[in-house]
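Have the structure open as you read.

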Amino acid sequence: VVIEDGFVGVVATRRSAAQRGVAALDLTWDLPATLVTQEEIEAATTVRGDGVTVQREGRTRGRLAGRVDVRSEFRSAMAAHAHLEPQSALVSVTDAGVEAWVATQSPTAIRNTLADLLGRERDAVNVTATWLGGGFGRRLNVEVASEAARLSAAAGVPVHVAWTREDEFRQGYLRPPVHNVLEARLENGRIHAWRHRQASGDVAFPFFPPFAGTVLGADFGAWRGATSPYGGIEARETVAERVKLRVPTGWWRGLGLLPNVFATESFMDELAAFAGEDPLAFRLAHLTDEKLDRRLAGVLTAAAEAAGWDQPREPGRGLGIAVSVDVGTCVAQVSEVTMTPDGPRLERIVSAVDPGVVVNPDGVRAQTEGSITWGISSLWHEQVTIEEGRVAATNFDRYPVARAGDVPPVEVVLVEGDDVPHGVGEPPLGPVAASIANAIVAAGGERPRSLPHLVPHAPAAT
């Protein structure tokens with residue numbers, strides 16, 4: 001048994017014995033006066049109007065004074081990473097040096113942390129990054145390696161630490177909840193002014209020195225995807241509010257991209273409906289001849305053509321479109337939905353991706369398909385809730401994720417609209433939820449205003 005600085009651990013020759021040893025310990029923990037509640041988190045994650053302006057084009061406030069034609073709110077719940085393999089690390093601490101084998105996305109951070117923890121020179125710590133078993137931002141961690149290092153140093157033997165699934169759900173950090181409020185005024189069928197206010201828990205700031213929050217004000221990870229990309233909207237404003245929560249939040253695939261684009265692109269469809277225009281034509285009308293706008297128009301057109309946007313469809317079947325730009329990559333997606341007696345059914349998704357120069361076509365397609373699956377899972381299922389001061393889910397029975405039956409056929413169209421390569425891993429995640437939400441409305445369903453959209457749905461087409 002090792003007890004030091006509030007850390008308690010048990011070393012044994014078998015994992016089951018170590019787990020029994022931990023369970024047998026009589027421990028008393030200092031708890032806060034009040035435990036965190038789900039209601040507290042939801043109340044805290046609310047736009048209040050005191051954030052940092054992260055985008056300002058034109059005189060939005062003056063144009064909105066006295067008249068707002070459309071106002072909408074969208075919310076996204078907390079989510080877990082739910083990767084296939086929980087955290088694990090093997091560390092051997094000897095007088096000669098430190099050897100660590102860790103499933104991590106950040107081997108340099110692991111090396112530095114272990115060196116500081118053990119009082120060693122950084123050159124004396126060697127880290128081997130093993131296969132991840134899924135990462136998605138959760139492998140940017142140091143906890144499990146630190147635990148194994150403490151135990152190895154105390155016991156004098158190599159120690160392997162593997163978290164259980166319960167550990168993973170309850171001890172990890174989460175995608176923070178997000179509240180989006182959007183307002184717009186239209187003139188002659190075009191957006192005269194656009195204002196977006198967004199409130200979110202931290203995403204990047206927990207991994208930076210404390211002064212980063214003071215200097216930057218708004219967490220760039222939290223408002224990722226929140227700014228409007230349409231160059232033809234002369235008056236645009238985006239304000240990001242930082243919400244401090246009593247639950248650990250942080251990196252999650254795409255950071256704020258999915259929840260923020262879900263809000264902005266759902267709102268674009270609402271504005272198109274208010275103007276009485278086709279959603280694709282409405283978007284194209286708000287793009288200019290600037291390079292980025294041309295690239296956005298390129299993926300919108302490519303996705304629409306591949307999906308047969310202009311073809312007639314029977315009642316109860318509809319197409320939804322959405323677009324976003326992230327790390328220089330433009331992505332447009334068209335989802336097709338049929339309303340059935342069992343709820344909406346996804347028929348297919350067409351995604352046009354412009355990452356600039358396409359270095360590895362198969363890699364782009366694979367990343368796009370993976371991001372679409374991830375987005376579908378977040379739309380239909382994923383939600384972390386708090387009960388009795390801790391995460392309610394301890395396994396997948398209380399945290400369902402997408403299954404094969406949720407995912408329809410996916411077509412990926414590659415577009416090269418730039419002369420340099422850009423990122424591909426996360427950008428295709430942006431439009432997923434918005435395109436499906438817009439398709440649900442087009443098919444005659446009720447507009448989703450939250451992630452997850454907890455309604456019965458039929459199995460996807462195969």
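## A charge over a ring

Arg 175 sits over the face of Trp 252, 4.5 Å from the ring centre; to count, NZ of Lys or CZ of Arg must be within 6 Å of the ring centre and within 35 degrees of the ring normal. Trp 252 also belongs to an aromatic cluster with Phe 136 and Trp 374.

This is a predicted model, where local features need pLDDT of at least 70, side-chain atom pairs count only at pLDDT 80 or more, and totals for chains, interfaces and linings use all residues. Residues are numbered from 1 along each chain as its sequence is written, and side-chain values use heavy atoms, leaving out hydrogens and water.

## Aromatic pairs

There are nine aromatic pairs in the structure. Rings of Phe, Tyr and Trp (its six-membered ring) pair if their centres lie within 6.5 Å; planes under 30 degrees apart are stacked, over 60 edge-to-face, and the rest tilted. Phe 74 and Phe 262 have ring centres 5.6 Å apart and planes at 75°, so they're edge-to-face.

Phe 169 and Tyr 399 make a tilted pair, 5.4 Å centre to centre with 55° between the planes. Both of these are buried too.

## Gln 38

What about a polar side chain? Gln 38 counts as buried because its relative accessibility is 14%. A polar atom of the Gln 38 side chain lies 2.8 Å from the backbone nitrogen of Ile 386.

Terms used
Buried < 20%, exposed > 50% of the residue type's maximum accessible area, 1.4 Å probe, protein only. Polar contact = N/O pair within 3.5 Å; in protein donor to acceptor, adjacent residues only side chain to side chain.
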